[in-house]
Amino acid sequence: MDGRTRKDLKPGMRVNIVLKKDQRTGKLTEGVIKNLLTKSPTHTHGIKVRLEDGQVGRVKEILSAE
């Protein structure tokens with residue numbers, strides 16, 4: 001499952017995101033969602049989230065729904 005639909009994402013889920021600085025390379029960063037930042041129901045590049053460690057990026061894949 002990818003991270004383009006807001007209703008698929010909830011705080012506490014483990015996801016891979018792309019940070020702003022890594023958009024050119026596509027390097028993924030793994031973490032747990034703290035909160036959702038994108039307000040619209042969908043986004044073509046992925047829903048923007050803040051991880052528990054404070055990093056912000058767009059969800060590329062959902063790893064687990066804990």
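Is Glu30 buried, exposed or partly exposed, and at what relative accessibility? Glu30 counts as partly exposed, at 46% relative accessibility, where buried means under 20% relative accessible area, exposed over 50% and partly exposed in between (1.4 Å probe, protein chains only). The structure is a predicted model, in which local features need pLDDT of at least 70 and side-chain atom pairs count only at pLDDT 80 or more, while totals for chains, interfaces and linings use all residues. Residues are numbered from 1 along each chain as its sequence is written, and side-chain values use heavy atoms, with hydrogens and water left out.

The protein has four strands and zero helices; helices (H or I, at least four residues) and strands (E, at least two) are DSSP runs numbered from the N terminus. The order of elements from the N terminus is β-β-β-β. With a radius of gyration of 10 Å, close to the 11 Å that the globule rule gives for 66 residues, the protein is as compact as a globular protein of that length. The radius is taken over C-alpha atoms, and the globule rule is 2.2 Å times the number of residues to the power 0.38. Along the principal axes, the C-alpha atoms fill a box of roughly 25 × 25 × 20 Å. Of the 66 residues, 35% are buried.

The largest nonpolar core consists of twelve residues, among them Leu9, Met13, Val15, Ile33, Ile47 and Val59. Such a core is a set of buried Ala, Val, Leu, Ile, Met, Phe, Trp, Tyr and Cys residues joined through side-chain atoms within 4.5 Å. Strands β1 (14–19), β2 (28–36), β3 (48–51) and β4 each supply at least two residues of this core. The largest share, three residues, comes from β1. In soluble globular proteins, nonpolar side chains tend to be buried together. Neighbours within four places in sequence aside, Leu9 is in contact (heavy atoms within 4.5 Å) with Gly3, Val15, Ile33, Leu36, Ile47, Val59 and Ile62.

Glu30 lies in strand β2. Beyond its neighbours within four places in sequence, Glu30 is in contact with Arg14, Val15, Asn16, Leu51 and Leu63. Glu30 and Lys20 are ten residues apart along the chain, and their C-alpha atoms are separated by 14 Å.

Ala65 is found in the segment after β4 (56–64) and is exposed, with a relative accessible area of 65%. Ala65 and Arg14 are 51 residues apart in sequence, and 6.5 Å apart in space from C-alpha to C-alpha.
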